[in-house]
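This report covers how the parts of the protein are arranged and where they meet. Please keep the sequence and the structure in view while reading.

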Amino acid sequence: MNDVIDVSKFNQIIFFTGAGMSAESGVPTYRGEGGIWDEYKWENYACQNAFERDPKGVLAFHELRRIEALKCTPHRGHQYISRLQQCYNHIWIVTQNIDGMHQRAGSENIIELHGSLWRIRCDQEGKIMEDLKQGSYRAQECNCGTWLRPDIIWFQDMLNDKVVSKANDIISSCDLFISIGTSGVVWPAAGYPKMAKDNGAYCIEINPEETELTYYFDKTIRLPASTGLRDLFGFEDEI
Ligand code: APR
């Protein structure tokens, strides 16, 4: 395959993104030096048990994540993907990120596997509400008196069936799969490169580091997300 991808030659393209996609915007990754799970124990902040024990503490942790995300802006890698989506309608993003950075870059067709920092829900009433643009949540308790819960897939949670089924459908029918900035250790996302490969997709990994998933890729680009995307799609400008 030529070094520069001709988007029009593919029927369905998936950008599969993880925390490394947002890292260049300044959003910390989860693992490795300076990672969120280095500083905070997920058992205290990112699971249903922690929420039941200490809802205020868990909500404060997520408000901090929102404040940090709002300090960051999408980088040119996000913009490149968004620009490709404006020209072609067969491009999807499947992301593990909860920071909403792809949306802020103007992207559409986004599947958020792990939920979003920008939604909150009442499990008592089964309501999900958007809560955008500010660090603190508009309300921490529902009118019914229940603590509102970030609409995020935490450790030990099941993923949303409909979201997983949509992701499986489009990944198993794509012919180009580009993984960007994920360590590939969290399931079911860790199984997606193999799924794409087994169904005949050409698979590319953009990550400065080798990962658990590297074996499945036809091509690996050991660069940061923005530079890797620029080179892969032949963008010449610096957005
Ligand atoms: N460009 C591309 N990749 C990068 C960059 C960059 N500029 N900087 C770091 N990376 C890579 C790292 O080499 C690493 O492989 O991003 C990856 C980040 O890995 P993780 O922190 O483990 O993030 P992720 O794979 O998205 O985690 C998956 O784990 O804790 C849960 O729910 C959380 O969605 C998260 C999931």
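## Contact between the domains

In this predicted model, about 990 Å² is buried between domain 1 and domain 2, and 56% of that area lies on carbon and sulfur atoms. The contact involves 14 residues of domain 1 and twelve residues of domain 2. Four residue pairs across the two domains are in polar contact, both residues of each pair having pLDDT 80 or more. Helix 1 (19–23) and helix 7 (101–104) each provide at least two residues of the side of domain 1 that touches domain 2. Helix 1 gives the largest share of that side, with three residues.

One salt bridge is found across the interface of domain 1 and domain 2. A salt bridge also joins the side chains of glutamate 112 and arginine 119, with 3.0 Å from N to O.

## Domain layout

Six strands make up an open sheet with parallel pairing, in the order 3-2-1-7-8-9. Strand 3 (110–112) and strand 9 (219–221) are the edge strands, and each of them pairs on one side only. From one strand to the next, the twist averages 15 degrees.

Strand 1 (residues 13–17) and strand 2 (residues 91–95) run parallel and are joined by five bridges.

An open sheet of three strands has the order 5-4-6, with antiparallel pairing. Strand 5 (127–130) and strand 6 (149–152) are at the edges and have a single partner strand each, so one side of each has no neighbour in the sheet. On average, neighbouring strands here are turned by 45 degrees against each other, direction ignored.

Strand 4 (residues 115–122) pairs with strand 5 in the antiparallel sense over four bridges. Cysteine 122 is opposite lysine 127 in strand 5, and isoleucine 120 is opposite methionine 129 in strand 5. Strand 4 and strand 5 form a hairpin, with four residues between them. In the turn of this hairpin, glycine 126 has a positive phi of about 65 degrees. Helix 5 (residues 55–70) packs on this three-stranded sheet, where it touches strand 4 and strand 6. Its direction makes about 145 degrees with that of strand 4.

## Backbone details in loops

Which residue has a positive phi although it is not a glycine? Lysine 133 does, with a phi of about 75 degrees. Lysine 133 is located in the loop between strand 5 and strand 6.

The peptide bond from tryptophan 187 to proline 188 is cis, with omega near 5 degrees. Proline 188 belongs to the loop between strand 7 (176–180) and helix 9 (192–198).

Notes. Residues numbered from 1 in each chain as written. Predicted model: local features only at pLDDT ≥ 70, side-chain atom pairs only at ≥ 80, totals over all residues. Heavy atoms only, no water. Pairing = 2+ DSSP bridges. Axes fitted to C-alpha atoms, helices over the stretch in contact; angles between N-to-C directions. Contact = heavy atoms within 4.5 Å. Buried area = accessible area lost by both parts, 1.4 Å probe. Salt bridge = Lys/Arg side-chain N within 4 Å of Asp/Glu carboxyl O. Polar contact = N/O pair within 3.5 Å; in protein donor to acceptor, adjacent residues only side chain to side chain.
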